[in-house]
Amino acid sequence: MESLGSGGQAALLLLADGRLPAGGYAHSGGLEPAVAAGRVADVAGLERFLIGRVETAGSIAAAFAAAACARAGRGNLSDLAELEAELDARIPSPELRKVSRDLGRQLRRAMNGIHPHPHFAALGAAPHQPVVMGVAAAVFGLGPRAAALAILHENNAGAAAAAAKVMRVDPFEVHAILARMTDRLDCLAAEAAKAADGPTADLPASGSPLTDIAAEHHRRSDVRLFAS
Amino acid sequence: MYASSLRKAASGRPGAMTARAVLASELAANGRGSRVRTLRSDGPLVLRPCHPKGPEPLTDRRHDVARVALAAGTAGPLGGDSYALDVQVGAGSTLVLTEISAMLVLPGPREGQSRMSITVRVDDGATFVWWPQPIIAARRCDHRHDVRITLAESARMILREEMLLGRHGEAPGDFSGRLRITRGRAALYDQQLRFGQAWDGWNGAAVLGDAAAVGSIVAVDPCWTDMRPPALPFHKDAALMPLAGPGVAIGAVAPDSLALRHLLTRGLHQLGPPWAI
């Protein structure tokens, strides 16, 4: 497994930064619909929400980013179509498939603007966000574990940042949750990198039924701050 | 049959039970209707030809289909037990597999996981209707459930899965279940569900919240290749969702098994005939 100790840290911070102009700020990672449905009402509920999210959708995104990074690193871009189809099969909600592809398209546009590389053209018209993240990490010379960590942090911090806008919380308490989750994210990234070496069919598939259901309701909601 | 499946080596634990049952259907020789070709029960997995018990999607009141019910020959699976069921729906045939009662997954007398592995192959032009009863993950159980379904591109299928998080008023044991459906050579649906103390975050609002029951219906029809039924969140705890391939998933969470069954049936109604029951 690659070391994070020698080079590449700055590129990893760049990819994981919510200020990367890739559209992440417009999404709450399912938190807004969960709050609207009354399922998250306090800081404890927020922490359970965020942990459940990284352990399910997060572990899938991490594994697919790591797998895309490993394949792009080897120049195996033809395998990315299979990754796309396997990821589609792991997202029952059509709304969440669309969100993932919207974010993927925006991330690719950002990367094309700030760090062009022929690999980005090899992705389809609307690639999934974790797949683009994996390819972007490879383009920066990062390995699968860094690719997984980048998407885990970006998605987790993005949802946490949305908390201040959709519920009454102390921002220090929100960041305390993120601080408590750092070891968890490291573990998930390491597991994702390990899974990336195995067959595509065996990549994690941990479902999150309430996230799927809430996303379908959210799309039809008249009053919303975030796209998802 | 029963005795031979006791104390087999798979888990190496004395008293643990391994069982492998096999079921296959085929088109009858005269081409009219389907028949059961293989029916091999093993110990706790008892397969019996049966008549329709209640309303069924796709095959309601039809007499030209092969109908089999799975019954429990013993309690369990218990910790340490390993069950397997292999199903093949032969080309052009229609198989309906139901279940006599819910499957109560219990801890064993000693430590150890219980496992159930189900593989299903649905061949060209065949139809598989799988309408089982719920799986109940009792307190302190430690169960791994693995279902792999391989569909030919011209095959049709509908299944229901329901999981109850513990018996009434009880915290669930550790449960992990995966349902993976491939069609042709491509993945169509792949979802794993985990709950119980062994995992984190499952009782958060992203996964199951405070629900005590969770389930889904997955339907696949080659007619939906170009156009699928539209997405419809028909209840705050349930939604009908078209998949990326020619299938739909109806997902629901509920406070109890009755409410879950009600939501899933309501989702099925949104699909209209011949799916609705």
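Modeller: One term before we start: two residues are in contact if their C-beta atoms, placed from the backbone, lie within 7 Å. And keep in mind that this is a predicted model.

Colleague: Got it. Which residues in α8(A) do Leu12(A), Leu15(A) and Ala16(A) meet?

Modeller: Those three belong to α1(A), the helix of residues 9–16 in chain A. Look across from them to residues 144–166, which form helix α8 of chain A. There you'll find the partners: Ala146(A), Leu149(A), Ala150(A), His153(A) and Glu154(A).

Colleague: At roughly what angle do the axes of α1 and α8 of chain A cross?

Modeller: Two packed helices are described by the angle between their axes and by the distance between those axes. α1(A) passes α8(A) in a right-handed crossing. The axes come within 8 Å, and they cross at roughly 35°.

Colleague: Zooming out, what radius of gyration does chain A have?

Modeller: Chain A is built from eleven helices and zero strands. For its 228 residues the globule rule gives 17 Å, and the value for chain A is close to that, so chain A is as compact as a globular protein of that length: 16 Å.

Colleague: What share of the residues in chain A is buried?

Modeller: A residue needs 20 or more other C-beta atoms within 10 Å of its own to count as buried. Helix α4 (residues 80–89) of chain A is mostly covered, with seven of its ten residues buried. Over the 228 residues of chain A, the buried share is 56%.

Colleague: What covers the buried residues of α4(A)?

Modeller: The buried ones include Leu80(A), Leu83(A) and Leu87(A), along with Glu84(A) and Asp88(A). Their cover comes from both chains, and it includes α3, α5 and α7 of chain A together with β14 of chain B.

Colleague: Which strand supplies the largest share of the side of chain B that touches chain A?

Modeller: Across the interface, 35 residues of chain B are in contact with 36 residues of chain A. On the side of chain B that touches chain A, β14 (186–195), β17 (238–242) and β18 (247–254) of chain B each supply at least two residues. The largest share is nine residues, and it comes from β14(B).

Colleague: What is the order of the strands in the open sheet of seven strands in chain B?

Modeller: Chain B has one helix and 18 strands. Seven of the strands form an open sheet with mixed pairing, in the order β2-β1-β5-β8-β11-β13-β14.

Colleague: Which strands of chain B stand at the edges?

Modeller: Follow the order of the open sheet in chain B from end to end, β2-β1-β5-β8-β11-β13-β14. An edge strand here has a single partner strand, so one side of it is left without a neighbour in the sheet, and that is the case for β2 and β14.

Colleague: Over how many bridges do β11 and β13 of chain B pair?

Modeller: Asp146(B) stands opposite Arg178(B) in β13(B). Strand β11 covers residues 142–151 of chain B and strand β13 residues 174–183, and they pair in the parallel sense; the number of bridges is ten.

Colleague: Is Leu58(B) buried or exposed?

Modeller: Leu58(B) lies in the loop between β3 and β4 of chain B, and its phi is positive, near 70°. Arg61(B) is in the loop between β3 and β4 too, but Arg61(B) is exposed, with 7 other C-beta atoms within 10 Å. Leu58(B) has 21 C-beta neighbours inside 10 Å, so Leu58(B) counts as buried.

Colleague: Last one: what is omega near for the peptide bond from Gly76(B) to Pro77(B)?

Modeller: Pro77(B) sits in the loop between β4 and β5 of chain B. The bond from Pro273(B) to Pro274(B) is cis, with omega near 0°. The bond from Gly76(B) to Pro77(B) is cis too, with omega near 15°.

How values were computed: Residues are numbered from 1 along each chain as its sequence is written. Chains are lettered from A and ligands numbered from 1 in the order in which they are written. This is a predicted model: local features need pLDDT of at least 70, side-chain atom pairs count only at pLDDT 80 or more; totals for chains, interfaces and linings use all residues. Helices (H or I, at least four residues) and strands (E, at least two) are DSSP runs, numbered from the N terminus. Axes are lines fitted to C-alpha atoms, for helices over the stretch in contact, and angles run from 0 to 180 degrees between N-to-C directions. A crossing is left-handed if the near helix is turned anticlockwise from the far one by less than a right angle, and right-handed if clockwise. Two strands pair if DSSP finds at least two bridges between them. A residue is buried if 20 or more other C-beta atoms lie within 10 Å of its own, exposed if 12 or fewer, and partly exposed in between; C-beta atoms are placed from the backbone. The radius of gyration is taken over C-alpha atoms; the globule rule is 2.2 Å times the number of residues to the power 0.38.
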